[in-house]
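Trainee: Could you go through this one with me? I'd like to take a couple of residues and then the ligands.
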Amino acid sequence: MTAAVRTTCPYCGVGCGVVASRDEAGHWQVRGDEQHPANFGRLCSKGAALAETLVPEGRLLFPEIDGRRAGWGEAVATVAERLKATIDVHGAGSVAFYVSGQLLTEDYYVANKLMKGFIGSSNIDTNSRLCMASTVAGHKRAFGSDTVPGLYVDLELADLVVLVGSNLAWCHPVLFQRLRAAQEKRGTRVVVIDPRRTDSCDIADLHLALQPGGDVALFNGLLLHLAEAGQLAPDFIRNKTRGFEEALTAARTGEAEAGALAQKLGLAEADLQKFFNLFAQTERVVTVFSQGVNQSDTGTDKVNAIINCHLATGRIGREGMGPFSVTGQPNAMGGREVGGLANQLAAHMGFSAAERERVARFWAVPAVAGGEGLKAVEMFEAVADGRIKAIWIMATNPAVSLPQADAVRAALEACPLVILSDCIGTTDTGRYAHIRLPATGWGEKDGTVTNSERTISRQRAFLPALGEARPDWWIISRVAAAMGHGAAFAYQGPADIFREHAALSAFENDGTRDFDIGAAADLDDAAYDKAQPFRWPWVAGSAPAGRLFGGGRFFTADGRANFVATISRPPRSRVSQEFSLLLNTGRYRDQWHTMTRTGLAARLTAHRSEPLLEINPADAGARGLADGCLAEVENADGRYIARVRVTAAQQAGQIFLPMHWSGAFAARAVAGALIPPVVDPVSGQPALKLAAVEVKPLAAAWHGVLISAAPVDVTELAYWARRRARGGYLAELAGLAAEEAEELITRLDAALEGERLDYRDPARGTVRHAWFAGGRLVAALFVSPQPLRVDRSWLEALAAEEALDGAARASLLAGRAGAGRPATGRIVCSCFQVGFDSIVTAIRTGRLTSPAEIGAALKAGTNCGSCIPELKEILAHEHAASLAGTAGPRTVEPADNAA
Ligand SMILES: Nc1nc2c(c(=O)[nH]1)N[C@H]1C(S)=C(S)[C@@H](COP(=O)(O)OP(=O)(O)OC[C@H]3O[C@@H](n4cnc5c(=O)[nH]c(N)nc54)[C@H](O)[C@@H]3O)O[C@H]1N2
Ligand SMILES: Nc1nc2c(c(=O)[nH]1)N[C@H]1C(S)=C(S)[C@@H](COP(=O)(O)OP(=O)(O)OC[C@H]3O[C@@H](n4cnc5c(=O)[nH]c(N)nc54)[C@H](O)[C@@H]3O)O[C@H]1N2
Ligand code: SF4
Ligand SMILES: [Mo]
C-alpha cells in the first residue's frame, strides 16, 4: 500500500478530506487534508482520532448463516435463494432493504437498482428517513427539486448566521471552526434557536430557547414582521416565486402579534424582536438547520417556513445568503442522489410514468417499481405485522436508532428472514440476523461520498480488507447475479458503478433535473482513482457548479420557487400527569451514533463516560434527584437508566438524553426505546426529538467503578455502562442488592490470577480491591453506597502503566491521586487528553483568563478547538467563584465524574 492516501472522513456530512499515512513505527496516522475544500486541513476530535479506530475489535470477519461460519459462495447463494423463495410465494412487496447514509454512493446505487429495477418493488428505504427526509420534502415543495443552494463559504461571507435546531459546535465542528474564525474577522452575528443551551451558544449573540416544536410559529412570525417592516423583496417575489400571499395569510392565521407569540414560545419579547430586527436588517443571512427542524412531526413545514423567509427577502443563491440544510451522515446526499429513499426512483427522479419509463430503458428492464414504497417507520410496522417477510439491513443499527426500538426488536425477532451487512459483529441489530455478511470498513473501501455543499469526494482504501470482509457493492452485486441478474450487475469495481450512476444522472436530462454529473460519466479507472473533489451539477461540457439559484430559476414547471403556506400546530407528543416531562434527544461531541466505531477510541470515550440525563434544577429537586445519582426514565414505550446531571442549560419541564448508547454499551440506554412512532405527515420522518416521559431515582444499593485490562461481564447488574479506556476497559456499575458487589468480587478473584490488595471501611460501606499480575494493575474495583467520586482519568492512567510502585498502590487503595500522579479529571480536550482538574489547577495557579492562555499552558483546545466552549465555561465559573471568594472544588464539573 502507498505511503500517504488522500481520502474522506467517514463521519459527519461536512465531509472533511483526510490524509492517511504511516509513521516510522508503521502506525497509521490520520491528519486533515490541506487541499480539501471542506476543511482545508482542519479536523474535529472524531476525525483526529480516526487512526485509533482502525482495530480488529468487534469486527465481523466471516459470513455467518444461522449462527455458523460459511464461505462467501454459500452465503451469497443462500441470501439469493431465500429472497427468491420469499418473493415467489409472497410477491416482491414482501421483501425490503433498509439501507444507510453511511454506504458509499456506489454501494447505494447498486442496492437501489436491485430493488427498484430488478426485484421490482420500492421497499428500499434508508436511515436518511430519520435524518433528512423532511428537508428533502421541503426542498422539493419550494424548489421543485432536492437542491441545497448554498456553499460552506457562505457561512464565512454572511453577516448573520442563524442556527435552527443545529448544535453545529458538536455535530459539524469543522464548519463551526470556520464560522468562529469568520466571526473573529468580520464580527458575524450568530443566533441559536434551540430549546437547550448548547456549546454552539458559545459564539452566539442571542439564544432563543424556544418551546420544542415552536419553529413554524417563530418563522411565520418572522415572515409577518418582514412584511410589516417593509423588508420584503417585491421584485423577487413577483418575478421569481408564487404563493406569497397564501403563505402570508397562513402565517397571519396562526400567529398573533409578537407579544403573544413570544409568550407562546416561552421567549422574552425583547429577544424575539431583536431576532426579527437582526434578520430584517441584515442582507447577508444564512439560516443553518438540522435535526431540531427535521426530526419533528412538523418538520417539513419548519423547513418551508424557514425557506419562505429567504424567498420573501430574495436572499438565496447569492454570496453569504440562503437556507442551508447541513447533512448528518457522510453520504446522506449521495443516498438522495441515487434515489435510496422509498419515495424517489433514481438520480433525483420520482415515479411519474415518464420517469419510470426512462429509468427502465436505462437499466434495460421491462419496468421498474410501480410507485412509492414503505418509509422506514412503516417498513418496520410491516415487518411486525408480517407483510414484510424478509429484510436486508445494511450499514445501520435500527434496533437502536428507530423510534419504539423495543417494538422494532420484537418485529425483527419474529421476522422469518433478517440479513445484515455490517463491519461490526456486536451491534444490537446483529443479534436478530439470520445471515450476517461482513462488510469492509473505512480505510478498506473505495468509492465516493457527497457532502452538505454538494461536493463529491473519493473515499480511498489504504488497508487490506480484514478477514473475509467484502465491499457492500460487491456483496449486493453477487446476490443480484445469483438471483439471475448477472449481466446488469457485472461490475468489476466502484468506477464501473460510478460511471453508470453519472450517465443516468445525465440521461435525457437537458437541464430539467438539478442532479447531473454527466461530465464524470467518462472518467476512466485511472481518472476515477485520482478524482479531485468536485461539486454537482457537473454537466458535460461545462465546469462543476458553485452556488445555485442565483439567477432566480428553480426546477418547478414554470421555474418559479414556491412559498408554502405553513400553519403552526402543537407537537403531538404532550405531557400528562403520568408523564410530565418532555424528552429531547441528540448527540455528544465525541461519539458517533451507536458508537460502533468511536466507541473503540479511548480518547473519545473519556469525554462522556456514561449517558447523562440532563435536567433542570427545579425538576431534579421536585423528584429527589441529586447531581451524580442514577435515574430511571420511562414511558409507555420503554425505559432508560442514566446518570443525572443537573444543569440550567436545560429548561424546566424538559430533559435531554444522548442517542448513542445501546445494549452493547449499557444496561438500558436506548433513546429510541422511549420515542413513540409519531411521524411528519409529509415526509414520514419520525419526531425523534420529542416524547413525554417521567423520571425517578434508581434505588441503587451500591455503586461501583471497575477498571480492567480485559473486558468483564457485568451485564447481570441493574446498571452498567462500559467503555474503552486507556489501559483497558472501564465500567460504571450499580446494583439493587448489596450482595451483588461481593459476588462480583468473587467472580473477579476466580478470573484473575496474581495478588490482590484490599481496603475496606465497613462503617462507610466502602470497598477497594486491586488485582496485580507481574506488577501491573489488571483490575481495580471500587464500591460504595454512594456514587463514587474517584477520578476515572487517574484510574485509566494507572491501568496503562507497566508496573505500579508502592506509592501508586497506596494511593490506589486510598482512592485518591497522590502527588506523583495528580488527578487530571474527566477529559475535556480529547486531542491532547487534558482533564478538567488539570485545567482548573492551571487557571488557579497561573491566573489564566482565556482559552488562548489555557492553550499556551496545557495545549488544550489548540488542535481541533472543539473543547473551547467548555474551556470558556470553566473559566467563567472559576472567575465567578473567585469573585465570590468561594473558589471551591469541582462545582461546575459534570456529574459523570463528580461522583
Ligand atoms: N458528534 C457527532 N456529530 C454528528 C453525529 C454524531 O452522531 N455525533 N451525527 C451526524 C448526523 S447523522 C446528524 S443527522 C447530525 C445532527 O446534527 P444536529 O441536528 O446539530 O444534532 P442533534 O444533537 O441531533 O440536534 C440538534 C439540536 O436540536 C435541538 N432541538 C430539539 N428540538 C428542537 C425544536 O423543536 N426546535 C429547535 N429549533 N431545536 C430543537 C436539540 O436540543 C439539539 O441541540 O450530526 C452529525 N454529526
Ligand atoms: N433518539 C434518537 N434517535 C435517532 C436520532 C436522534 O437524534 N435521536 N438520530 C437519527 C439519525 S439523524 C440517524 S442518521 C440515525 C443513525 O443511526 P444508525 O444508522 O442506526 O447508527 P450507526 O451507529 O451509524 O449505524 C451504522 C452501522 O453501519 C455500520 N457500518 C459502518 N460503515 C459501514 C459500511 O461501510 N458498510 C456496512 N455494511 N456497514 C457499515 C456500523 O458498524 C454501524 O453498525 O439515528 C437516528 N436515530
Ligand atoms: S467535522 Fe469532524 S466528523 Fe465531520 S467530517 Fe470533519 S473531521 Fe469528520
Ligand atoms: Mo443523521
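This is a predicted model: local features need pLDDT of at least 70, side-chain atom pairs count only at pLDDT 80 or more; totals for chains, interfaces and linings use all residues.
Trainee: Which helix is glutamate 739 found in?
Mentor: Glutamate 739 belongs to helix 25, which covers residues 739–751.
Trainee: And how far apart in space are glutamate 739 and tryptophan 702?
Mentor: Their C-alpha atoms are 9.3 Å apart, while in sequence glutamate 739 and tryptophan 702 are separated by 37 residues.
Trainee: Let's switch to alanine 602; why does that one count as buried?
Mentor: Alanine 602 has a relative accessibility of 10%, and because buried means under 20%, it falls into that class. Its place is in helix 23, residues 602–605.
Trainee: What is the C-alpha separation between alanine 602 and threonine 53?
Mentor: The C-alpha atoms of alanine 602 and threonine 53 are separated by 9.4 Å, although the two residues are 549 positions apart along the chain.
Trainee: Now ligand 1: which residues come nearest?
Mentor: There are 35 residues around ligand 1, and of these Asp194, Gly213, Ser290, Arg587 and Gln591 come nearest.
Trainee: How does that shell divide by class?
Mentor: The shell around ligand 1 consists of 16 polar, 11 nonpolar and eight charged residues. Helix 6 (168–171), helix 13 (291–294) and strand 21 (581–586) each contribute at least two residues to that shell.
Trainee: Which polar atoms lie by the oxygen atoms of ligand 1?
Mentor: Among them is a backbone N or O atom of asparagine 167, which lies 2.8 Å from an oxygen atom of ligand 1, and a polar backbone atom of glutamine 291 is likewise 2.8 Å from an oxygen atom of the ligand. From a side chain, an N or O atom of lysine 689 is 2.9 Å from an oxygen atom of ligand 1.
Trainee: How much of ligand 1 does the protein cover?
Mentor: On its own ligand 1 has 910 Å² of accessible area, and the protein covers 99% of that. The space that ligand 1 takes up is the second largest cavity.
Trainee: What is around ligand 2, then?
Mentor: Of the 31 residues around ligand 2, the nearest are Gln102, Ser401, Asp422, Lys445 and Thr594, and by class its shell divides into 15 polar, 10 nonpolar and six charged residues.
Trainee: Which polar atoms lie by the nitrogen atoms of ligand 2?
Mentor: A polar backbone atom of serine 421 is 3.0 Å from a nitrogen atom of ligand 2, and a polar side-chain atom of arginine 587 lies 3.1 Å from a nitrogen atom of the ligand. For an oxygen atom of ligand 2, a polar side-chain atom of glutamine 102 lies 2.7 Å away.
Trainee: Last one, ligand 3: which residues are around it?
Mentor: The residues around ligand 3 are Cys9, Tyr11, Cys12, Gly15, Cys16, Leu43, Cys44, Lys46, Gly47, Pro173 and Val174. The elements that supply two or more residues to this shell are helix 1 (45–48) and helix 7 (173–186).
Trainee: And by class?
Mentor: The shell around ligand 3 has eight nonpolar residues, two polar and one charged.

Methods: Residues are numbered from 1 along each chain as its sequence is written. Chains are lettered from A and ligands numbered from 1 in the order in which they are written. Side-chain values use heavy atoms; hydrogens and water are left out. A residue is near a molecule or strand if one of its heavy atoms lies within 4 Å of it. A polar contact is a pair of N or O atoms within 3.5 Å; within protein, one must be able to donate a hydrogen and the other to accept it, and residues adjacent in sequence count only if both atoms are side-chain atoms. Accessible areas come from the Shrake-Rupley method with a 1.4 Å probe; for residues, only the protein chains shown count as cover. On a 1 Å grid over the protein atoms alone, a cavity is a set of points where a 1.4 Å probe fits but cannot get out, and a pocket is an open set with protein on both sides within 12 Å along at least five of seven lines; lining residues have an atom within 4 Å of a point. A molecule sits in a cavity or pocket if more than half of its atoms lie within 2 Å of its grid points. Helices (H or I, at least four residues) and strands (E, at least two) are DSSP runs, numbered from the N terminus. Ala, Val, Leu, Ile, Met, Phe, Trp, Tyr, Cys and Pro count as nonpolar, Asp, Glu, Lys and Arg as charged, and the others, Gly among them, as polar. Buried means under 20% relative accessible area, exposed over 50%, partly exposed in between (1.4 Å probe, protein chains only).
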